[in-house]
Amino acid sequence: MAVLDDLSGFEFEDVIEDVFRNLGYENVRQATRTADEGRDVIMEEVVDGTRRAVIVECKHTDTVGRPVVQKLHSAIATFDFDGPKRGMVVTTGRFTAPAQEYADRLRKNDDPYPIELLGGEGLREIADDIGLDLYNGRIEILCNDALRPYDAATSVAAPLQEAFRDINNIDQAELSEPHSRVRFLPTVTITADTNAVFETSVGVIHRINDRTQFVVNAGRGHPHVVDDAVATLVIENLHTTVELDDDRFRDVFDHVDEQRFGQTQTEYKDWAVDHLQDYHTTTVTYTGGNNVTYNKTCEPNLSDISVQSIEPVFLPEIRLSADLKDYSYPYKYYAAGPSRVTREDGIHQCVHCNTKGVDETYTYCANCGSISCESHIKTERLESKPVCTGCAITDQFALKTKYFYSEENLASFREEYAQMPIHEKAMENKLLMGSGLVMALLMMVGLVVAIGMF
């Protein structure tokens with residue numbers, strides 16, 4: 001069978017490691033390559049509540065004979081594992097009749113170390129199920145699962161409407177149905193173990209025994225780890241996904257886009273191993289037997305890092321946009337049903353300055369549709385309603401700046417102002433009037449004092 005011909009034996013082991021991880025086996029890792037004892041890949045399975053070790057011999061050859069199976073049987077017997085054990089031989093070719101007979105006899109005799117044989121035909125069937133390209137040894141990502149893009153108990157517009165409730169002076173009835181768009185972004189959640197011990201002549205100076213789980217943006221371009229908030233959103237909702245159905249979601253959103261996974265699952269595994277190697281590399285300071293202080297860089301080997309699982313899922317990125325008079329307000333977030341992580345909030349933000357954040361006070365200007373902070377919102381003199389400094393017409397009365405919706409409102413107030421008695425005009429600038437009263441009082445006090453001195 002002309003498959004995987006360009007791969008070396010070690011590369012073939014890498015592929016088989018990925019295959020079994022995709023089939024649901026646990027703790028899949030490769031044996032140390034420096035001394036092949038007849039076990040290339042080691043993994044575990046749980047059957048009827050019992051954990052069992054599986055020792056795999058990989059043979060990238062046309063035929064596999066009985067001696068290979070016998071050697072694996074001995075390797076299983078000597079493998080240190082507290083529990084039942086079995087073996088498996090995997091090849092791209094086929095097994096000879098004596099090899100098949102030997103494995104059959106172990107099974108019929110209820111041998112404590114049975115061996116399963118997986119040849120090229122069986123490998124081809126598995127490849128179809130998990131997306132393995134047998135001609136280049138890469139495992140493609142087959143994924144049709146997405147986190148839920150909206151909460152079925154509410155509407156798609158609910159998050160945006162909720163944000164507008166924090167804005168003063170806005171009537172929810174003014175909010176029309178927002179424009180909505182969903183992009184399904186590919187991600188992979190990677191779980192990996194790193195186990196490494198670093199020793200010198202004085203003993204162990206550093207040890208790594210760590211299980212790491214992180215979420216990677218798996219779109220086009222270089223992979224990168226997402227931030228903690230998004231990772232939590234993805235990990236906590238991995239098992240509550242829905243089928244990615246474009247037609248179904250087009251009935252809910254105005255636009256639906258689906259991005260593709262940028263690399264194969266095999267490439268993400270290799271990237272994750274390199275990433276964790278860098279992540280765990282550290283410099284350790286220790287004192288030698290001669291009381292001299294040394295610095296040693298402790299870098300785990302690639303074989304010290306074992307990827308346990310790679311779980312692909314599409315992460316919905318929702319973008320809502322509400323148009324209010326002269327302004328449009330975007331609101332973007334990642335969704336998983338009722339849970340979300342906000343990425344862009346154009347509502348809790350003053351249109352006139354850099355003030356933003358949910359802890360500030362904002363007011364809606366019904367004249368132009370702007371949202372303004374306290375520094376950029378005023379009271380319209382004629383109607384006593386909020387107006388922003390960006391659209392207001394201004395003029396001074398009693399040396400005080402007044403704000404108006406329009407030139408018409410300003411003209412109306414000028415006529416009203418002209419008819420006011422002097423004391424009402426003065427009240428248009430209470431600060432100036434108060435200062436005048438204080439000055440008059442001080443002058444009277446001064447006059448009284450002056451008279452008393454004569």
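Glutamate 258 is a partly exposed residue of this predicted model, as its relative accessibility comes to 27%. On this scale, buried means under 20% relative accessible area, exposed means over 50%, and partly exposed lies in between (1.4 Å probe, protein chains only). The side chains of glutamate 258 and arginine 260 are joined by a salt bridge, with N to O at 3.3 Å. A salt bridge is taken here as a side-chain nitrogen of Lys or Arg within 4 Å of a carboxyl oxygen of Asp or Glu.

Because the model is predicted, local features need pLDDT of at least 70 and side-chain atom pairs count only at pLDDT 80 or more, while totals for chains, interfaces and linings use all residues. Residues are numbered from 1 along each chain as its sequence is written, and side-chain values use heavy atoms, with hydrogens and water left out.

By the salt-bridge rule, the count is 25. One of these bridges joins the side chains of lysine 269 and aspartate 270, at 3.8 Å from N to O. Lysine 269 is buried, with a relative accessible area of 5%, whereas aspartate 270 is partly exposed at 31%. Both residues also belong to a network of salt bridges that links them with Glu17, Asp18 and Arg21.

A further salt bridge connects glutamate 428 with lysine 402, where the closest N and O atoms are 3.4 Å apart. This pair links distant parts of the chain, 26 residues apart: lysine 402 sits in strand S26 (residues 400–404), and glutamate 428 in the loop between helix H10 (422–427) and helix H11 (430–453). Helices (H or I, at least four residues) and strands (E, at least two) are DSSP runs, numbered from the N terminus. Glutamate 428 and lysine 402 are both buried.

An α-helix has 3.6 residues a turn, so residues three or four places apart point the same way. After H4 comes glycine 131, with a positive phi near 85 degrees.
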